[in-house]
Amino acid sequence: MSEDILFNPGQAIASSYDYHSAYVAAQIYHQKSNHELLLVKDKNDKKMYYVFDNASLENHSQLDQKFQLIKRI
């Protein structure tokens with residue numbers, strides 16, 4: 001099942017063309033903070049992965065780009 005979410009790419013913790021690199025960056029950041037992280041894939045550029053801190057984005061209203069949720073960390 002696919003879940004779409006909206007984010008501003010400028011607020012990403014990490015981004016990579018490689019899924020494994022993005023996942024490792026998310027794991028490292030997750031060890032430093034106890035916030036839920038979202039690993040998402042860009043719907044426009046199918047090769048790009050982003051990591052977002054879900055807790056810091058809940059209050060933002062400038063969520064303008066659609067992403068496909070890949071994994072919650």
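**Fold, cores and aromatic pairs of the predicted chain**

The protein chain exposes about 4,700 Å², of which carbon and sulfur atoms supply 45%, the accessible areas being computed by the Shrake-Rupley method with a 1.4 Å probe, with only the protein chains shown counting as cover for residues. The model is predicted, so that local features need pLDDT of at least 70 and side-chain atom pairs count only at pLDDT 80 or more, whereas totals for chains, interfaces and linings use all residues. Residues are numbered from 1 along each chain as its sequence is written, and side-chain values use heavy atoms, with hydrogens and water left out.

The chain contains 2 helices and 5 strands, which follow one another from the N terminus in the order β-β-α-β-β-α-β; these elements are DSSP runs, helices being H or I of at least four residues and strands E of at least two, numbered from the N terminus. Of the 73 residues, 33% are buried, where buried means under 20% relative accessible area, exposed over 50% and partly exposed in between (1.4 Å probe, protein chains only). Among contacts (heavy atoms within 4.5 Å) between residues at least 6 apart in sequence, 70% join residues at least 24 apart.

The largest nonpolar core consists of 8 residues, A14, A22, A26, L37, L39, Y49, V51 and I73, a nonpolar core being a set of buried Ala, Val, Leu, Ile, Met, Phe, Trp, Tyr and Cys residues joined through side-chain atoms within 4.5 Å. Helix 1 (19-32), strand 3 (37-42) and strand 4 (49-53) each supply at least two residues of this core. A second, separate core has 7 residues, including L38, V40, F52 and L69. In soluble globular proteins, nonpolar side chains tend to be buried together.

In strand 2 (residues 14-16), S16 is buried, with a relative accessible area of 14%. Leaving aside neighbours within four places in sequence, S16 is in contact with S21, A22, K47, M48 and Y49.

The structure holds 5 aromatic pairs, in which rings of Phe, Tyr and Trp (its six-membered ring) have centres within 6.5 Å, with planes under 30 degrees apart counted as stacked, over 60 as edge-to-face and the rest as tilted. The rings of Y19 and Y23 are stacked, because their centres lie 6.0 Å apart and their planes stand at 10°; both residues belong to helix 1, 4 residues apart, about one turn of the helix. The rings of Y50 and F67, with centres 5.2 Å apart and planes at 70°, form an edge-to-face pair, which links distant parts of the chain, Y50 lying in strand 4 and F67 in strand 5 (residues 65-72).
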